[in-house]
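Please look over the model first, then read on.

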Amino acid sequence: MFKHVITVPGPAVYRPAVPVRLRRAGAAFLRAFPRASGQRSALPSLRAGEGPAVCVPGGFPAIDAAEVLRGRVVFAGLPPVDLGTGGIDWLADPHRSRSWALNLHALRWMGGLVVEYERSGNREFLDRAAAIAEDWVRGNPQGGAGVSPWAWAEHPVALRGPALVCLSAHVRAGWLRRSLAEHGRVLADPALYRRGHNHGLDQDIALLTVGRRLGHRPWQDLAVRRMTASALLAIDGQGALHEQAPRYGLYVHRRLGVALETITRCGMEVPPALAARRAALESYVAHATQPDGSLVPIGDGPAGVRPVGFPARRETVRVFDAGYVFARTAWDDPASAYYSIRFGPGRRLHGHEDHLGVTYHARGRAVLVEAGFHSYERTPYQRWTASPEAHNVPVVPGATFREGTATHLVSASTGPERQCFRLTDDAYGVRRTRSVLVVHGADLMAVLDEVPAGSALRSLWHFDPSLTVVSVRDGRVVLADGERRVTLVQLSPASGLPLGGQEVEHREIATGHLRTARSATVLSPAARSVLTLIVPGTGDPEVTCAGGRATVRTPGGPVSFPLSLDR
């Protein structure tokens with residue numbers, strides 16, 4: 001692995017031959033490179049003093065270095081691609097994948113070869129890394145004709161910068177130093193900066209390392225100022241990340257760890273506010289972790305992501321003002337019940353149109369899931385996974401959905417065994433109100449959905465793919481997985497009578513990045529109000545209604561509550 005702070009030694013380790021015409025062309029390009037409007041940092045002189053190459057371990061994904069040496073790469077979970085061992089086609093996009101093209105130009109796989117060289121001492125890895133980087137620099141001049149749009153997109157630049165810095169610990173060459181200076185200029189450009197975004201954090205880490213390598217203190221100071229201001233914008237005082245996906249809370253926490261270590265290794269002081277916001281993220285990630293150890297796949301976060309090192313918290317129920325309810329019966333117990341509810345500001349960044357949506361685990365198994373996250377590819381399926389219909393929400397047939405509508409948490413009651421929440425919005429031009437009651441121990445979720453008179457709704461319920469429908473009758477849908485049973489019961493809250501007419505569809509939901517499975521989705525009949533009961537552990541729960549109250553006999557005991565779900 002990299003040393004904590006690597007300083008380039010005096011003698012050159014690798015000095016590739018660069019034709020005079022290319023050296024002159026590169027110098028002319030740098031002289032002609034225009035200063036961006038509002039730019040505060042001038043391009044450092046190529047004759048300026050140099051600083052250490054600060055390379056933080058864990059900055060690059062794991063690679064099969066021997067395969068990369070043979071020209072074979074794997075990106076974004078897609079099948080291997082042979083790039084060859086000579087010049088690389090930087091316009092290649094064999095999978096027609098945005099993620100694949102981004103990874104190609106990020107050059108973190110090249111950085112992985114540097115890591116392997118430092119681990120093994122095998123010069124082949126370093127030579128190939130240098131050849132790849134030089135080939136990229138020659139083939140991708142900024143603004144050049146026929147250059148891939150991914151070459152200078154803001155995120156590949158941010159991810160590539162540290163890889164070039166780490167290469168420069170062993171390679172002394174003018175083309176590399178000039179490219180670092182060019183990367184620094186782009187990274188410092190305020191017009192390209194993603195403030196309050198995880199890309200912006202990566203830009204700041206890259207600018208800090210490039211500035212340190214080139215001995216340019218203004219870039220270092222700018223990077224630390226920006227990452228602090230961005231953290232205060234992106235992470236609220238409770239620790240919730242405004243990107244609206246717990247997976248990105250984990251990513252930003254990890255990258256902030258890299259940022260804090262990089263600041264320290266650059267000999268600078270870590271701003272207390274930056275460290276505090278990273279610490280606050282730990283609560284958000286911990287509460288968003290399901291009993292099975294994986295993050296609840298809300299927003300752009302694939303199922304199966306397992307955070308490590310986030311200790312149990314004191315509270316078993318946590319309401320985040322940014323728009324989340326996370327609750328469980330116990331910590332560090334795989335059999336714990338668990339649920340989530342979404343509300344808050346309208347959709348942004350990595351969020352989905354999932355307001356009023358719920359997920360539910362009971363008896364150690366997933367019951368209600370959502371369509372999840374499949375990929376970043378701009379396909380009809382990807383758009384569907386972000387739509388209301390891909391989540392456990394009430395929709396209003398015939399009405400136009402208004403994207404980005406905020407949802408308000410009207411009331412909350414959070415006892416140790418029983419919690420009740422009421423939420424409302426006007427995303428369909430009429431007021432939707434959802435009340436959610438969860439009872440632990442007895443294991444029951446009751447959800448009341450309502451719209452005003454003259455309108456009607458249909459509630460959607462996506463069940464875990466392990467569950468298959470075995471019967472639909474009299475307002476009840478029974479699902480099974482072997483001996484396991486789960487029952488959905490729907491009632492008219494006005495009368496307490498069963499509400500029949502459920503439809504069952506089978507839809508593809510995302511069970512991970514680029515993975516799908518068939519899932520049973522239950523649609524309620526259209527009605528002004530629908531009371532839905534989710535009863536795990538039985539295929540025949542007894543439900544009685546009298547005097548405006550319902551009583552459900554669950555395997556864990558009877559549960560009684562008002563049909564209106566009032567507290």
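## Helix crossing and cores

The crossing of α5 and α7 is left-handed, meaning the near helix is turned anticlockwise from the far one by less than a right angle. This is a predicted model, where local features need pLDDT of at least 70, side-chain atom pairs count only at pLDDT 80 or more, and totals for chains, interfaces and linings use all residues. Residues are numbered from 1 along each chain as its sequence is written, and side-chain values use heavy atoms, leaving out hydrogens and water.

Helix α5 covers residues 123-139 and helix α7 covers residues 174-188. Helices (H or I, at least four residues) and strands (E, at least two) are DSSP runs, numbered from the N terminus. The two helices pack at an angle of about 60°, with their axes 11 Å apart. That makes α5 oblique to α7. From α5, Ala130, Ala133, Glu134, Trp136 and Val137 meet Trp175, Ser179 and His183 of α7. Contact here means heavy atoms within 4.5 Å.

Leu167 touches residues including Ala130, Ala133 and Trp175. Leu167 is also among the residues with the most contacts inside the largest nonpolar core, which has 101 residues. Such a core is a set of buried Ala, Val, Leu, Ile, Met, Phe, Trp, Tyr and Cys residues joined through side-chain atoms within 4.5 Å. Buried means under 20% relative accessible area, exposed over 50%, partly exposed in between (1.4 Å probe, protein chains only). Helix α10, residues 246-265, gives the most to this core, with nine residues. A second, separate core of 28 residues includes Leu423, Val477, Val522 and Ile534.

What about α10 itself? Of its 20 residues, 16 are buried, so α10 is largely enclosed by the rest of the structure. Gly267 follows α10, and its phi is positive, near 75°.

Val369 is found in the loop between β7 (365-368) and α12 (380-385). Val369 is buried, and touches Asn392, His462, Phe463, Asp464, Pro465 and Ile509, not counting residues up to four places away in sequence. Pro558 lies in strand β22, residues 557-562. Pro558 counts as exposed, and touches Thr551, Val552 and Arg553 under that sequence limit of up to four places.

Technical notes
Axes fitted to C-alpha atoms, helices over the stretch in contact; angles between N-to-C directions. Parallel < 35°, antiparallel > 145°, perpendicular 65-115°, else oblique.
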